[in-house]
Amino acid sequence: MKILKTAAVTGRSVVLCDEGGRMLPGQQRTVLNCPHDDIPRLTVEFVVDGDSVQLVGSD
């Protein structure tokens with residue numbers, strides 16, 4: 001997985017990409033939190049639409 005920073009209308013955006021550089025589908029929002037004395041954390045929100053993003057489990 002790669003993290004890509006790109007220019008956006010409101011400044012910069014951060015998206016998750018696969019090894020080929022293609023954006024992972026269903027990303028709704030990303031938040032990059034960089035506390036002063038801590039490790040940066042990236043939170044990514046996905047839309048689980050059952051098509052491009054599915055929940056898979058052993059029910």
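1. Asp18 is partly exposed, at 21% relative accessibility (buried means under 20% relative accessible area, exposed over 50%, partly exposed in between, with a 1.4 Å probe and protein chains only). Asp18 forms a salt bridge with Arg22, and the closest N and O atoms are 3.0 Å apart (a salt bridge is a side-chain nitrogen of Lys or Arg within 4 Å of a carboxyl oxygen of Asp or Glu). Arg22 is exposed, with a relative accessible area of 54%.

2. This is a predicted model, in which local features need pLDDT of at least 70 and side-chain atom pairs count only at pLDDT 80 or more, while totals for chains, interfaces and linings use all residues. Residues are numbered from 1 along each chain as its sequence is written, and side-chain values use heavy atoms, with hydrogens and water left out.

3. The chain averages a pLDDT of 82, and 78% of the residues score at least 70 (pLDDT is the predictor's confidence in each residue, from 0 to 100). Among the elements of the chain, the lowest mean pLDDT, 66, belongs to strand β1 (residues 2–8), and the highest, 90, to strand β4 (residues 41–46). Where pLDDT is low, the predicted coordinates should not be read in detail.

4. The chain has four strands and zero helices, in the order β-β-β-β along the sequence. Both kinds of element are DSSP runs numbered from the N terminus: helices are H or I, at least four residues, and strands are E, at least two.

5. Of the 59 residues in the chain, 10% are buried. The chain exposes about 5,000 Å², of which carbon and sulfur atoms supply 53%; accessible areas come from the Shrake-Rupley method with a 1.4 Å probe, and for residues only the protein chains shown count as cover.

6. The structure holds two salt bridges. Glu45 is partly exposed at 37% relative accessibility, and Arg29 is partly exposed with a relative accessible area of 48%.

7. Gln27 lies in strand β3 and is buried, with a relative accessible area of 17%. The side chain of Gln27 reaches the backbone oxygen of Leu16 at 2.8 Å. Not counting residues up to four places away in sequence, Gln27 touches Val15, Leu16, Val44, Glu45 and Phe46 (contact means heavy atoms within 4.5 Å).

How values were computed. Polar contact = N/O pair within 3.5 Å; in protein donor to acceptor, adjacent residues only side chain to side chain.
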